[in-house]
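Welcome! Please take a moment with the sequence and the structure below, and then read on for a guided look.

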Amino acid sequence: MPKTSSDVQRLTLNGPTMGTRWSALVDTDDAAQAAGLQKALADAVQQVDRQMSPWLPDSALNRLNRTPAGTWLDLPPEILEVLACALEVNRRSQGAFDPGVGDLVQAWGFGPARQSPDAAAIRRAAQAASAPAHETLELDVAAGRAIKHAPIQLDLCGIAKGYAVDRMAQVLRQYGLDHALLALDGELRALNSQAQGQPWAVAVEYPQDGRRATHSVVELDNLSIATSGDYRHFLQLGEVRVAHTMDGRRRAPVRNDIASVTVLAPDCMRADAWATALLVSGNDGMALAQSLGIEALWLLRRDNRLTTVGLGRFSEAVTDPKQAE
């Protein structure tokens, strides 16, 4: 039942993590929870970062990457949960979402190893024979361990932020709170509606580097949203824009006319992963999303204009032609 305005206070909490910031808008009738909640949320996202960051040498992800093929490695339950989802989406997307592109990410200068592309490393990564990640990595979740059946360098940047948002949602439920909007970079999750009953209004960003503007607005009620695009993190090599997202099937950076893909899902981890998968899939992603019942919005660069294609709740989305000029 919606609460009256006199019952509710809105907490605005945030902090640094993963090279960006997390944030939480929380409706509560007990503002005294703020200090404890701030720490608990910060601890939750930092735990994800400590386990899944490619930038931290001792992260569980990097320990798994250093472990030789054929050797079982004990892992925390959180990263095993994320790896299981990553392998599921890898299989269902026919390789478009690929957690096994860590060598490509590093070679192109988007990881901690180097700040610019390395031609020799790019050639090695491009020529490396690789089986699908879901066939290469085996998880024994019950025993808390994983094994690689062939060399593979894993990267979870296309899913870990979404999972961190889900962990924030778990924290709020532990505090008995169920009206909040949680965010980390382009990944957001609404816990139910606002306390007074209205949905949370979330902007889909106009996909242009150097410009922060709203393309459209989505209303969320107990739903997650994530966007993947080529306009935030990229390299400019002459007239060619090299996106930071890698296509493991081509063993190269993604290259198509998709500026961004926004996905709705019950949990943010899957919204994050599927947004990446549909960005990599190109035009084939529309049929894939339709077959799986995924609600998604594509912003496409075609004929020097921005074209919009939507499925599900996005099917009536309209692009302002003035913005696309």
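## A buried glycine

Gly 100 is buried: its relative accessible area is 9%, and the cut-off for buried is under 20%. You can find Gly 100 in the loop between α3 (77–92) and α4 (102–107). Keep in mind that this is a predicted model.

Which residues does Gly 100 touch, not counting residues up to four places away in sequence? They are Ala 133, Ile 152, Gln 153, Leu 154 and Arg 251. Another residue to look for is Leu 137, 37 residues apart from Gly 100 along the chain, with 9.3 Å separating the two C-alpha atoms.

## An exposed threonine

Now turn to Thr 12, which lies in strand β1 (residues 9–17). Is Thr 12 buried or exposed? Thr 12 is exposed, because its relative accessible area is 56% and the cut-off for exposed is over 50%.

Leaving out residues up to four places away in sequence, Thr 12 touches Ala 24 and Leu 25. Ala 24 is twelve residues apart from Thr 12 along the chain, and 5.9 Å separates their C-alpha atoms.

## The chain as a whole

Stepping back, you will find nine helices and 17 strands in the chain. The chain has 325 residues, and 52% of them count as buried.

## The nonpolar cores

The largest nonpolar core has 69 residues, and Leu 156 and Trp 298 are those with the most contacts inside it. Helix α8 (residues 268–281) gives the most to this core, contributing ten residues. Apart from this core lies another, of 18 residues, including Leu 220, Leu 223, Leu 299 and Leu 306.

Neighbours within four places in sequence aside, Trp 298 is in contact with Ile 258, Ser 260, Val 261, Leu 278, Gly 285, Met 286, Ala 289, Thr 307, Thr 308, Val 309 and Leu 311.

## Helices α1 and α7

Next, follow helix α1 (residues 34–52) and helix α7 (residues 160–174), whose axes come within 9 Å and cross at roughly 150 degrees. An angle over 145 degrees counts as roughly antiparallel, so α1 and α7 are roughly antiparallel to each other. The crossing in which α1 passes α7 is right-handed.

On the α1 side, the contact is made by Leu 37, Ala 40, Leu 41, Ala 44, Val 45, Gln 47, Val 48 and Met 52. On the α7 side, the residues are Ala 160, Tyr 163, Ala 164, Arg 167, Met 168, Val 171 and Leu 172. By class, the contact of α1 with α7 has 13 nonpolar residues, one polar and one charged.

## Helices α7 and α8

Helix α7 also packs with α8, at an angle of about 165 degrees and with the axes 7 Å apart. This pair is therefore roughly antiparallel as well, and the crossing of α7 and α8 is right-handed.

Which residues meet here? From α7 come Ala 160, Lys 161, Gly 162, Tyr 163, Val 165 and Asp 166, and from α8 come Cys 268, Met 269 and Asp 272. The contact of α7 with α8 divides into five nonpolar, one polar and three charged residues.

Terms used
Residues are numbered from 1 along each chain as its sequence is written. This is a predicted model: local features need pLDDT of at least 70, side-chain atom pairs count only at pLDDT 80 or more; totals for chains, interfaces and linings use all residues. Side-chain values use heavy atoms; hydrogens and water are left out. A nonpolar core is a set of buried Ala, Val, Leu, Ile, Met, Phe, Trp, Tyr and Cys residues joined through side-chain atoms within 4.5 Å. Buried means under 20% relative accessible area, exposed over 50%, partly exposed in between (1.4 Å probe, protein chains only). Helices (H or I, at least four residues) and strands (E, at least two) are DSSP runs, numbered from the N terminus. Contact means heavy atoms within 4.5 Å. Axes are lines fitted to C-alpha atoms, for helices over the stretch in contact, and angles run from 0 to 180 degrees between N-to-C directions. Angles under 35 degrees count as roughly parallel, over 145 as roughly antiparallel, 65 to 115 as roughly perpendicular and the rest as oblique. A crossing is left-handed if the near helix is turned anticlockwise from the far one by less than a right angle, and right-handed if clockwise. Ala, Val, Leu, Ile, Met, Phe, Trp, Tyr, Cys and Pro count as nonpolar, Asp, Glu, Lys and Arg as charged, and the others, Gly among them, as polar.
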